[in-house]
Amino acid sequence: MLAAIGWGDFAEAISFWELQTGKTPPQWLLALQSAFSTRWAIPEDAAAVWAVQQAAFLPLAQRLPSRPTALGEDEACWRQHLECAPRRTVVVHVEGELVAAGRVDGAVPQGELKRIAVHPAWQSRGVGRRLVEALESHARELGFVRLRAGTRRRLPDNRAFYERLGYRVVALEPYPPGIDDHTVWMEKDL
């Protein structure tokens, strides 16, 4: 039942359960609600955000012909971003631990999802979906009407992830120029 309504809003899932069954939701559903939380990142999150980004992007370095640029960033870079661009980065906590982060860059009306990172221990568990859904929701609040996401052509699982969330391929361009790889650009209207 939860899969049918998505991960985006646990309060909605609980209300749906109560309306459909007339009963109190099961403990597993209530536990999921309290286990996942999303919020805007603050400068004090910089070290944890950087650590999650490194953990998520490092395994990709072995699969790609060029090193992900995210691996060239450090904690200070994240701190500066969080200080200069408040309300642009979202973090996901599971049972109090920061396990995912991502941000929206760009200017209204079109934003770009950047540095979507889920710690490898939490990948394929709905955390990435929860992160992107939170970013989309916050982007709408900020006035964005469309989001763009880029992934490497050599990472077909990333492309499939965005497609499952409603993104469609709009362009393919060399990344970086001179390297045997391409960026697959995808968009979604909010």
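Predicted model: local features only at pLDDT ≥ 70, side-chain atom pairs only at ≥ 80, totals over all residues.
Which residue lies over the face of W78? The residue is R103, at 5.2 Å from the ring centre; a charge counts as over a ring if NZ of Lys or CZ of Arg is within 6 Å of the ring centre and within 35 degrees of the ring normal.

Residues are numbered from 1 along each chain as its sequence is written, and side-chain values use heavy atoms, leaving out hydrogens and water.

R103 is also in contact with H81 (contact means heavy atoms within 4.5 Å). H81 lies in helix α5, residues 75-84; helices (H or I, at least four residues) and strands (E, at least two) are DSSP runs, numbered from the N terminus. With 17% relative accessibility, H81 counts as buried, where buried means under 20% relative accessible area, exposed over 50% and partly exposed in between (1.4 Å probe, protein chains only). Beyond four places in sequence, H81 touches R88, T89 and D105 as well as R103.

Next comes the sheet. Strands β3 and β4 pair in the antiparallel sense over 7 bridges, pairing being called if DSSP finds at least two bridges between two strands. They form a hairpin with 2 residues between them, and A100 has V118 of β4 as its bridge partner. β4 and β5 run parallel and are joined by 3 bridges, with E112 opposite R148 in β5. From β4 the chain crosses through α6 to β5, a right-handed β-α-β crossover: with the strands pointing away from the viewer, the path from the first strand over the helix to the second runs clockwise.

The largest nonpolar core has 28 residues, of which L113, V127, Y162 and Y167 touch the most other members. Such a core is a set of buried Ala, Val, Leu, Ile, Met, Phe, Trp, Tyr and Cys residues joined through side-chain atoms within 4.5 Å. Its largest share, 6 residues, comes from α6. Among the contacts of L113 are V132, L147, Y162 and Y167.

Y162, buried at 6% relative accessible area, and Y167, buried at 3%, form an edge-to-face aromatic pair, 5.6 Å centre to centre with 75° between the planes. Rings of Phe, Tyr and Trp (its six-membered ring) pair if their centres lie within 6.5 Å; planes under 30 degrees apart count as stacked, over 60 as edge-to-face and the rest as tilted. F161, Y162 and Y167 form one aromatic cluster.
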